Amino acid sequence: MNKRILHIIFIALLSIIFSSMSISAEGGGDKKTSSIKGINGEPSYTRFNINRISTWFKNDGESDITIQGNSGLVYPKGSNKTAVFISGLMWGAKIDTVIHVGGSKYKQSTFPGRVINGVRVSPNDPDVRIFRVRRDYLDSYLSSEIDDGEGTIDQIRTQYAKDWNEWPAAQGAPYEDLDANGEYNPQIDIPGVPGADQTIWFVCNDFDTLKVKEMSGSIPLGIEEQATIWGYNSESPLGNMLFRKYILINKNLEQKPFTDMYVSMWSDADIGEAFNDQIGCDTTLNLGFIYNGNADDNIYEDTPPAVGIKLIQGPLVSGNLSDIAKFKGKYFAGLKNMEMTAFYNENDFQSNVTLDPDPSNYTYGTIGMYNYFQGKFRYGVPIINPITNKETKFMYSGDPISATGWLSYNNDQRMGVTSGPFNMAYGDTQEVVFAEILAGATEGIDRLQALALLKEYSVFAQNHYNNSFYNFLPPIPLSPKDNEIDVETDPILNWTVIEGAINYSLQIAADKEFKNILIDESGLLKTNYELMGLINSTTYYWRVKAKDNFGSSYFSKVFSFTTQADSTKPTLAVSPISTEIDFEGGELSFEVTNTSIGTMNWNAVSNDTSWIKIISGSSGTNSGTIKVMVLGNKKEERTGSITISSDGSAGSPRVVEIKQEIAKYEVSVSTNPDSVGLIFGDGVYKYGENVKLIARNNYGYTFSHWTEKDSVISTDSTYQFVITENRSFVANYNGPHSFILQISEMEGDIMIDTRVGLTPASLGPNGYIISNQAGEVNLPNPVLDYDRFDYWGNDDVIIDFSEKSLAYSYLDEFIYKNTTTGEVSYLPFSIYRIKYPTKEKIRLFAGFRDNDGDGIWSIEPTGKYDVNWHKPTTELIFAWQGYDAEGNEISYDSAKESQYIAENNLFTSANITWGSSTGEFKYPYLTNTMFVMYTATAKLPEANRQIRFFTAKPIINDIEEEENYNEKIPQDYSLSQNYPNPFNPTTNIRFSLTKMSFTTLKIFDILGREVATLVNKELSAGRHTYEFNGSRLSSGIYFYRLQTGEFTQTRKMLLIK
């Protein structure tokens, strides 16, 4: 019986013994097995695939093996050829002279999650998962992830966005602290290893005794392991490697130290075919490697790659005064990082062990592995180099390229790169870094050339880590100085020279978070940059970073400066000083403060009295105010002045402060309270502007008239007038009450299932629909009023499963009690009312009708009633709007539940009972609502989800200025609310530009992903309207952003299908 069959039988027996599920597969043949464990936190698996490598990692320490248990490291990416079957970090140490071994091999002794106060967290906690970030995920096509079958680009970006926003920096995950405040801010900082293109992070522990025994036969040491994996999308050697950092913390339950401890990076590399590989090490490079023993491989043919594990940074130990060690991104004098202290091949011929022994056997799994870590054979005998006949700790340390020294033979190789011994007191932390490197698999490069290239890559990896990751600091901005003001509009930015830098990158933004980047330059060879044409009186933010042959530095600290005021504007002369005025029409107020004694007198002087006049003025001993009306609009440059004179009693007054305010006028639109609710936007305008009000809706209601101060001013849908004062209008519509547009299952603002109601009929994936007892029995198309739905007006209603509510009796209005336990009953959800149009969120008092008399809300058996029968299939739920004694609306307050229980009466707690209340509503706000469970797998929504009833809301879409009124150019940039809104599937977006500008108008989804670009070109000054078609998008909230060189604004819109 050959090795493969023996191995499969052996592992199968272990699987039965430990009741774990495993499958046998590797590459294209059945060789080794690896347990497939249940998934805990989601996701528990992810891929590293940013460069030429594509491989797997799991949050319990498993790596380089697929979910199905097959060889997992593909190289080159996309070739479907695998070079590594499985790998993992192992350790061994003593506690009170007893040896313990753990980590990750074919099985894992580690369990997902942290250890807090000696207790491991639940693996089902939402943050107990594997995290992966990519700094360019919003801009990249994500072709690697798509090619690896991770899903659609939207699905992949959604997970990247989730990990970016929930990056566990507080647990130790690395990030670029761009604002240098020591706290992770996903809106500013960049998660992941600084400069890396992709970073993976997870934390696990060895606190599960059964898992440790299954893996090695030991009992746990008490270790928390934090793993960081990162890499670079580079054409340099960096594109052929990934880095692994492991942080180990002694959290032993008995607070005991670890002595004589070793760490070992273990790998079962199978380069194509498993049994024709050879193994070796280079002690000068801290490198272990596996390469193909034959010129040709069944998988890679004549270009087999080489695989290496390199110790980049070893454990921290005491050293000489001249030693310098690296630890957590800093240097420490008098300490040193250990080198590779042993290299082993687990299939060593001198121990006569060529099969994988039972790992749960303490002799093999613990003592045998610990002997390997020490540089011995499995049974503890010293390793003798057969070429030198001398004792060594490094197996196969010869040079295959020159065919000298101790060389290996063809076999299925398992290598380990080890460093130790060292000690760890309770609470101590150690940090080790390895690089997993591949080379070759390229036309014209044979097996030994691949090994030679691997060694070159190994040197490059160490240089990159030493020279870039630790030492390469960003430049320091020099001028303009931070927070400098009165900077000219054509400044030159200067920063310090960084030794070794080959170029620099510069970013200039309109905000300190760099959400609105105005200039993004890279490849700069000088340490200065000349700007031209900046806007007066504007604050700009800038930062720089440097790049060398190994990578980029952080960005520098953010500097800001403010440009000088525009001295060319018309000025208001106030003797003996002056201040700026922009004559744009309307009312100007000036407040002048004088510290001299004497009365001030006002006098208006103008070259053209037809456009400026004093409305009112006052004088006093120390201060005065004046209001001036500037008529018309700024169609040409004008000059004028207002002067101050004194009565002479104390000489000329000295003006020390002038405050200027330009009065603007408001146009507000409301709706007739007896008509259908309308959505609209109030406008703020300047004197003399021409405004047109346009009433639109998307449900076919009939417009009635415009009203101002109780008088009808227009029966047309459009009303136009010139601004001279503040104005208020009422829009009146004729039409029916609103109706349910859609019922959706939500997770926050994200729609999980857009159809969970009978409006229209649907079949949701959770196997339930929301229905109502109103209407006749067995209606094929149930009525859509939801009984008392017209009670709601235009409000939305939310059933939220993230919190529970006391359950009131529908009939008797007391709080139910469980008839078995006597405890008060709760509903597994809360109910909210979202008021229209203020969007105020009010929590309602909730209850149900207890059909079976047990005091507990329950659901009828699945499939008891056909969905088309409009009959109750559950105990119906209700909700009441609460009031105080004066009739003001109140929310159900979970903090007052003890009070509610003591009162045990809905009217006492909420001032409402059937047919009577102190407020507007006198009956249940929500009534006779039920869940119809109609599939065999039907279930209620998960605890983090909500059900939302969306109501149809007729719309006034705009307050619109007349196009081309006297060829008037807009005086302000603006972005109007889209119309119609909500929309399906098209809507219009209108905006105004004050001058010719390069303009972009883009659409983003709720996660910030760009889904459409409507404008990306130079546009003339004026008003512009563009149509957006959302037919290819799913229902939900979207954002549209207008951006020019001087203006940025974002608005929200709702697509409902």
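S87 stands opposite S267, a residue of strand β18. The structure is a predicted model, in which local features need pLDDT of at least 70 and side-chain atom pairs count only at pLDDT 80 or more, while totals for chains, interfaces and linings use all residues. Residues are numbered from 1 along each chain as its sequence is written, and side-chain values use heavy atoms, with hydrogens and water left out.

Strand β18 (residues 258-268) pairs with strand β7 (residues 86-95) in the antiparallel sense, over eight bridges. Strands (E, at least two residues) and helices (H or I, at least four residues) are DSSP runs numbered from the N terminus, and two strands pair if DSSP finds at least two bridges between them. Five strands form an open sheet with antiparallel pairing, in the order β8-β7-β18-β29-β26. The edges are held by β8 (98-103) and β26 (342-345); each has a single partner strand, so one side of each is left without a neighbour in the sheet. From one strand to the next, the twist averages 25°. Helix α5 (residues 362-374) packs on this sheet and touches β7, β8, β18, β26 and β29 (415-424). Contact here means heavy atoms within 4.5 Å. The direction of α5 makes about 90° with that of β8; axes are lines fitted to C-alpha atoms, for helices over the stretch in contact, and angles run from 0 to 180 degrees between N-to-C directions.

Cysteine residues were examined next. A disulfide is a covalent bond between the sulfur atoms of two cysteines. With the criterion of a pair of cysteine sulfur atoms within 2.5 Å, a search of the whole structure finds zero disulfides. C204 has 0% relative accessibility and therefore counts as buried, and C281 counts as buried at 2%. Buried means under 20% relative accessible area, exposed means over 50%, and partly exposed lies in between (1.4 Å probe, protein chains only).

N911 is found in the loop between α8 (906-910) and β67 (912-913). Because its relative accessibility is 14%, N911 counts as buried. When residues up to four places away in sequence are not counted, N911 touches Y883, D884, A885, L906, S917 and T918.

The search of the whole structure finds 36 salt bridges, a salt bridge being a side-chain nitrogen of Lys or Arg within 4 Å of a carboxyl oxygen of Asp or Glu. One of them joins E745 and R945, whose closest N and O atoms are 3.2 Å apart. E745 lies in strand β55 (residues 740-747) and R945 in the loop between β69 (926-933) and β70 (946-951), so the pair ties together parts that are 200 residues apart in sequence. Both E745 and R945 are buried.

A salt bridge is also formed by the side chains of K995 and E1046, at 2.3 Å from N to O. K995 is in the loop between β73 (986-993) and β74 (997-1005), and E1046 is in the loop between β77 (1036-1043) and β78 (1048-1055); the pair links distant parts of the chain, 51 residues apart. K995 counts as partly exposed at 39% relative accessibility, as does E1046 at 38%. In the salt bridge between K1002 and E1010, the closest N and O atoms are 3.7 Å apart. K1002 is partly exposed at 22% relative accessibility, and E1010 is partly exposed at 37%. Finally, a network of salt bridges links D795, R833, K835, E840 and E889.
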